[in-house]
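Student: I would like to learn how to read a structure like this one, feature by feature. Where do we begin?

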Amino acid sequence: MKSILVVGAHGIPDVEGGAEKNAERLFPLVASRGWTVCLAGMKPHIHSDHYRGVSLRSSPSLGVPAIDRMLYTIATLFHAVRMRPDIAHFTCLRAALLLWAYKMVGCKTVVSYGANCHSRPASGPAKLVMGWARYQLRLADEIISVTPALARKIDGPGKKGNIHVIGNALDRSEHYPEGLPAPVSGDYILFVGKISRKKNIHSLISAFRIFAEDHPQMHLVIVGDWGKQSGRKQIEELEDERIILLGSLPRSKLASLYRGARFFVNPSIREGHSNTLLEAISLGCPLLLSDLPENRDLRLNAKHYFSPGNIRSMVSALIRANANPDAFRVDPARFPQWEKIADQTISLYESMLSDDGVRQPSGAETSRA
């Protein structure tokens with residue numbers, strides 16, 4: 001039985017984050033197909049030894065984020081030395097900081113490349129970490145990009161035609177039980193995601209306040225953790241009762257918010273294959289999204305898009321969607337389920353471990369950037 005060590009997702013289940021959502025949906029399906037899967041997470045986010053066939057391990061924690069990340073990196077590598085997995089799957093670029101060491105252990109390596117991978121950190125140490133991790137992409141056996149647009153952005157020497165586009169998927173209805181009470185009522189616009197500059201939340205708030213002048217009954221509901229340099233104080237000082245900050249919520253409690261929203265907005269200036277957009281589609285929530293190449297890869301009708309750097313464009317989009325929300329729903333049948341994503345990922349794993357050296361997995365798109 002072939003084994004996989006998942007590195008980079010902080011934990012499962014019900015942990016906020018794109019890598020965590022992907023891991024929660026994908027790897028139990030991989031385990032159900034006969035693969036031995038171990039996910040290495042961080043102590044605050046791991047609450048049991050197993051989850052739906054995936055074994056879970058947590059690293060030591062001292063409660064200091066920077067130190068905990070270092071402990072996680074070292075402890076996970078030591079576990080790889082003991083486990084000797086056939087494949088180490090890094091769920092984000094930062095997790096691949098010691099990819100070279102995993103190669104020395106004898107692991108085949110896969111790196112999942114998302115929007116955060118392509119961001120340029122402002123601080124010196126973070127720049128060095130991400131720069132070193134990006135350099136090591138040339139050592140990876142395979143790279144998974146979540147959208148074609150991001151695949152085209154992967155640059156640097158050493159590419160071997162090993163970039164595969166495998167996105168995220170829609171959830172099934174059983175992932176979101178009905179009947180749970182919503183934390184808010186009335187008419188509201190919904191945003192879900194980490195509150196950060198890259199999510200462009202300040203522009204959304206500015207556009208909403210202009211929109212609300214003619215729609216005083218409307219509220220803006222914001223769900224998510226505060227990121228670094230998110231301008232939290234600036235938002236809280238507005239003291240606008242129409243802006244409701246709910247903080248972070250377990251994914252299982254989001255269904256009632258999606259179902260009750262007049263529409264969902266993603267105003268990001270940097271994005272991958274957004275899980276929150278796909279969650280909104282899964283639950284029939286009308287949506288608007290920023291006009292980024294990664295969002296354009298969804299191939300929705302032009303009416304769904306707006307310029308994230310243009311407040312007037314955003315206000316116009318809010319007015320359009322509010323006038324006829326039903327016209328902004330998206331047909332879920334256009335998007336894959338997680339079973340298909342599992343098939344593509346497993347096919348990639350099998351091609352890595354096969355003796356014939358065939359690279360391209362059946363069902364997965366290969367992009368040569």
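**Reading the features**

Tutor: Begin with the end of a helix: α1 is followed by Gly34, whose phi is positive, near 100°. Keep in mind throughout that this is a predicted model.

Student: Where does α1 bend?

Tutor: The bend is at Glu24 and is about 30°. A proline, Pro28, follows within four residues.

Student: How many of the residues of α1 are buried?

Tutor: Burial is judged by relative accessible area, with under 20% counting as buried. In α1, twelve of the 15 residues are buried, so the helix is largely enclosed by the rest of the structure. Among them are Glu20, Lys21, Glu24 and Arg25, along with Leu26, Phe27 and Pro28.

Student: How many aromatic pairs does the structure hold?

Tutor: There are five aromatic pairs. One of them joins Trp35 and Tyr349, with 5.5 Å centre to centre and 55° between the planes, and is tilted. This pair links distant parts of the chain: Trp35 is in the loop between α1 and β2, Tyr349 is in helix α13 (residues 338-353), and 314 residues separate them. Both Trp35 and Tyr349 are buried.

Student: Why is the pair of Phe208 and Phe211 tilted?

Tutor: The angle decides: planes under 30 degrees apart count as stacked, over 60 as edge-to-face and the rest as tilted. The planes of Phe208 and Phe211 are at 40° and the ring centres 6.4 Å apart, so this pair is tilted.

Student: Where do Phe208 and Phe211 lie?

Tutor: An α-helix has 3.6 residues a turn, so residues three or four places apart point the same way. Phe208 and Phe211 both lie in helix α7 (residues 201-212), three residues apart, about one turn of the helix. Both are buried.

Student: Which residues does Asn322 touch?

Tutor: Leave out residues up to four places away in sequence; Asn322 then touches Phe211, His215, Met218, Arg262 and Phe263. Asn322 is in helix α12 (residues 311-323), and its relative accessibility is 10%, so it counts as buried.

Student: Which strands are joined to β13 by bridges?

Tutor: Strand β12 (residues 263-266) is joined to β13 by three bridges, and strand β14 (residues 305-306) by two. Leu289 of β13 is the bridge partner of Asn266, and Leu289 also stands opposite Tyr305 in β14.

Student: Which way do the residues of β13 point?

Tutor: Leu287 and Leu289 point one way from strand β13 (residues 287-290), Leu288 and Ser290 point the other way, and all are buried. To get from β12 to β13 the chain passes through helix α10 (residues 275-282), and this β-α-β crossover is right-handed.

Methods
Residues are numbered from 1 along each chain as its sequence is written. This is a predicted model: local features need pLDDT of at least 70, side-chain atom pairs count only at pLDDT 80 or more; totals for chains, interfaces and linings use all residues. Side-chain values use heavy atoms; hydrogens and water are left out. Buried means under 20% relative accessible area, exposed over 50%, partly exposed in between (1.4 Å probe, protein chains only). Contact means heavy atoms within 4.5 Å. Two strands pair if DSSP finds at least two bridges between them. A crossover is right-handed if, with the strands pointing away from the viewer, the path from the first strand over the helix to the second runs clockwise. The bend at a residue is the angle between axes fitted to the seven residues ending there and the seven starting there. Rings of Phe, Tyr and Trp (its six-membered ring) pair if their centres lie within 6.5 Å; planes under 30 degrees apart count as stacked, over 60 as edge-to-face and the rest as tilted.
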